[in-house]
Amino acid sequence: MLLSFFCALSLASAQKFDFWPGAQYDPAIPTFEKVLGFEPGTRHATHADIVRYFEALAAAAPARIKVFEYGKTWEGRKLFYAAISGEDNIRRLPEIKAAQLKLADPRKTSEADARKIMASIPSIISLSYGVHGNEISSPDAALLTAHHLLASRNDALVSSVLKNVVVLIDPLQNPDGRERFIHNFRMNEGLEPDPSPVAAERAEPWPGGRSNHYFFDMNRDWFALTQPETLGRVRYLREWLPLVMVDLHEMGGNSTYFFTPGSLPYNPHLTKDQVAQMDLFGKNDAKWFDKFGWPYFTREVFDEFYPGYGASWPWFYGGMGMTYENASVRGLVFRRNDESLYTFQESVQKHFVASVATCETGVLHREKLLESFWRYQVTAVEEGKKETVKEYILPRRGDTGAVDKLAHILAEHGVEVRQAKADFKNGGKDYPSGSYAVSLAQPRKRFIRVLLDPQTVMEPDFLKEQERRRKKRLPDEIYDVTGWSFPLLYNVECVASTEAVAADLTLVTGPYQPKGSVSAKADVAYLVPWGTQAAGRFLTAALRADLKVISVNKPFTQAGRKYPSGTLVLMVKQNPASVHDHVARIAAASGAEVVATNTSWVESGINFGSNNSTTIRKPTVAMLWDSPTSGSSAGQTRFVLERQFHYPVTVIRTSSLGMTDLTKFQVLILPEGGYGGSVSPAAADRVKQWVRNGGTLVAFGSALSYLSSPAIGLLSLQQEGLAKDASTPAAKPADPAKPADAAKPAPAAPPSGGAASASGGPSGSGPAPGKLLAKEEDYEKAIQPDSQLPDSVAGVLVRAKVDPETWVTAGLPETVNVLVDGRAIFAPLKRDKGINAIVYDAPDKLLLSGYLWEENRKQLAYKPFVILSSEGRGNVVGFTSDPNFRAFMDGLNVAFLNAVFRAPTGSGRGGAEEHNE
């Protein structure tokens, strides 16, 4: 390692790199090399390096830079940003922030006052680097950008930036992922940097450095706010509301550079001003790239549709967001396909120049950007007053904890949410106390529509082009999921009202804190109605406190109240004397409703001592980890159990499975992944015997194909090819109001290989039978493959129907909402092979949100989402789509918890009643 380090230093000294030709720097501002001991681009700066360098800059130029901490990662690393500007602006940072917030609300700020503000404040530009830890050039570019702005002498551009712009630099959004990448690189580097694309130094082991500690892609988390890094960023950015935010990324090493304008589709809630402003920044970036002779591209690949990107979030408070994508070296030097060498220094320079160019655009168009920001707020409020829907109402019923959580997430985004103090009526409907109202006549009106509307449509011309591409068997250009409506994700009610709410309402503030309650001190038992995420938190906490928890596995009625299947019962006399204190503490922390009862008598349904009631045992849960599992599936599943439901998970590397004593565990989770060939026959036999002896195996998505394979044979599930009657030879024009109404054939099956013979057929097969193709329809039919899979779906929300008579569906409503992506569709299980516990709804009721190919809509109907199968004394629970996708599928929490916590007590259709304690 020491030899490698000195080799790098030697290389740096021999090849001094000029990042900004002609720049003159103040020696009082410390350089990269002086603080860190190496030249920029000759090593990868670690998180500790980046912290140390910004501390040095702040010490050297305290009048022009302020550093602010905004949180910590899961692994305890500091998250921070720096504000850089001229001395006058730094002195009045609080005033500038306050003025920007005033400009963001025309209900409180008059036009005249807004004009005064716009004339007096600088533009605020946010530059955010390194959200993907293995996209390595941008954090080093952040250090160069900060130094350039603080140290440049006799530079008119920099002087103008410091006078007219406050630059916010977030140098490293994902420290944990970057440290994973750097650790792998340094562990595998040799005598000198290796340019080979297959060199171990750039071939990252599972899961790679892209994601954070729980393997979340944080560039998809900006509306769900599941991760502390994202939540911290949203909170500090709401203090500033930058006019412009740039998220700097990397792509493949053989690419060039991407900057705005973005590609279609555009989210329909972007304004014309915002779309036009993309050209302002793109043209200025192009000017600088032309000066350096660098190729680039725009308007391709990287869209402006999905609201979970870092570059999407600013659009919906009136700013603008941009993604910059740089070709990645993934090391220190990379050999491209054309045999040219591309260095880390070159990649750092491009992001550095693009950052400065963006700041210059903020100077050149300061007035226009401020005017657009103000006009956005004014027109948002006006639209909210004029449009048909005046208010969204979130009734506090069903899973009330999910409703509360949703309301508070909206508030975290700056949406004004008000909560009713008493029951009220609106539009002829009754709403309970605690329900939430979200007026559309507010500055965040467009973001409210983006998050709460069931459907966000794409441009008809874009959809028409995707259908044309499908017909020609070209890949579609949809970049990410197309359905994300928050109420559908959480499976809670949301009412679009044409009347403003007239009730006693209070503004929702502060972070979400569950609020549970216990009705009284019980003499006989405490009841926790099942079916909510709060009840799930109560269960896990009660089990960890070693309380005895009974699950009543069929509905019952007591004291006039109906309780769903799965309701938890804690008998006072069967628990320690401290049970009352435990229940009160757990209820408060979990948000669960707990009902005290002084009798075990029920008016209808089953009694607590019925054979249909059972004690829930405290399971020890294991999950497969490492290759070949999907890092995102494994990480988000672990996150849901550990961080949302506070229950520990033992992660077992797949390579260790054959040596693991599975008798120590009651539940084993298989995340999505390609297990074929990666699990040894001995390990497969061990898992199969463990299930037969009473273990519960829970598997997601592609793991089901492995469980159905001859290698293990625990399921009799078959993945379907494209149904013949679902495909159509030609696509009909897409109707944006009915996004499922467009047909397309699926991709071709892989070629079978074999050289063509002189006769035109495959080698040795002889000529194909002659066939006359009289019209184009005959030709289209003739070129379709004999067998094929359905087309891959980018991600849509669909409805699924629940069979209430299984243990995995206890407490669930009649239907649940599922995010379906990919192309896997499974045939339902035969009755003698298992149970289809949750199946997708009929074709005409299936699609809830997003754009779904017509063939998939037809074929997905009545296919299973959750299946159950028994093997000996154990169970296999299969989810054909991941119920923990991005950890924002809150409406599926209960189904997942049922699989983990209720299955260990029994098997069969009713489950728990067949194995009593």
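## Burial and surface

Buried residues make up 59% of the 917 residues in the protein chain. Buried means under 20% relative accessible area, exposed means over 50%, and partly exposed lies in between (1.4 Å probe, protein chains only). The chain exposes about 35,300 Å². Carbon and sulfur atoms supply 52% of that area. Accessible areas come from the Shrake-Rupley method with a 1.4 Å probe, and for residues only the protein chains shown count as cover.

This is a predicted model, in which local features need pLDDT of at least 70 and side-chain atom pairs count only at pLDDT 80 or more, while totals for chains, interfaces and linings use all residues. Residues are numbered from 1 along each chain as its sequence is written, and side-chain values use heavy atoms, with hydrogens and water left out.

## Overall fold

The protein chain holds 26 helices and 37 strands. Its radius of gyration is 29 Å, close to the 29 Å from the globule rule for 917 residues, so the chain is as compact as a globular protein of that length. The radius is taken over C-alpha atoms, and the rule is 2.2 Å times the number of residues to the power 0.38. Helices (H or I, at least four residues) and strands (E, at least two) are DSSP runs, numbered from the N terminus.

Along the principal axes, the C-alpha atoms fill a box of roughly 85 × 85 × 65 Å. Contact means heavy atoms within 4.5 Å. Among contacts between residues at least 6 apart in sequence, 79% join residues at least 24 apart.

## Charges

The chain carries 101 positive and 101 negative charges. Their mean positions are 3 Å apart. Lys and Arg count as positive, Asp and Glu as negative; His and the chain ends are not counted. Each charge is placed at NZ of Lys, CZ of Arg, CG of Asp or CD of Glu.

## Cysteines

A disulfide is a covalent bond between the sulfur atoms of two cysteines. Here the test is a pair of cysteine sulfur atoms within 2.5 Å. By this rule the count is zero.

Cysteine 359 counts as buried because its relative accessibility is 1%. Cysteine 494 has 24%, so it counts as partly exposed.

## The loop between H9 and H10

Helix H9 spans 175-188 and helix H10 spans 228-240. Valine 198 lies in the loop between them. At 71% relative accessibility, valine 198 counts as exposed. Its C-alpha atom is separated by 59 Å from that of leucine 527, which is 329 residues away along the chain.

Proline 207 is found in this loop too. A cis peptide bond joins tryptophan 206 to proline 207, with omega about 0°. Leucine 225 is another residue of the loop. Its phi is near 55°, a positive value in a residue other than glycine. Leucine 225 counts as buried, because its relative accessibility is 10%.

## Backbone geometry elsewhere

The peptide bond from leucine 264 to proline 265 is cis, with omega near 5°. Proline 265 sits in strand E7 (residues 263-266).

Arginine 299 has a phi near 60°, positive in a residue other than glycine. Its place is the loop between helix H11 (272-292) and strand E8 (303-304). Arginine 299 is exposed, with a relative accessible area of 51%.

## Two buried sites

Leucine 243 lies in the loop between H10 and strand E5 (244-251). With a relative accessible area of 3%, leucine 243 is buried. Arginine 366 is 123 residues from leucine 243 in sequence and 9.1 Å from it in space, C-alpha to C-alpha.

Asparagine 284 lies in helix H11. At 7% relative accessibility, asparagine 284 counts as buried. Leaving aside neighbours within four places in sequence, asparagine 284 touches Ala357, Glu360, Thr361 and Leu364 by the contact rule. Tryptophan 74 is 210 residues from asparagine 284 in sequence and 38 Å from it, C-alpha to C-alpha.

## An exposed lysine

Lysine 664 is found in the loop between strand E29 (650-653) and strand E30 (667-670). Its relative accessible area is 55%, so lysine 664 is exposed. Lysine 664 and leucine 570 are 94 residues apart in sequence. Their C-alpha atoms are 26 Å apart in space.
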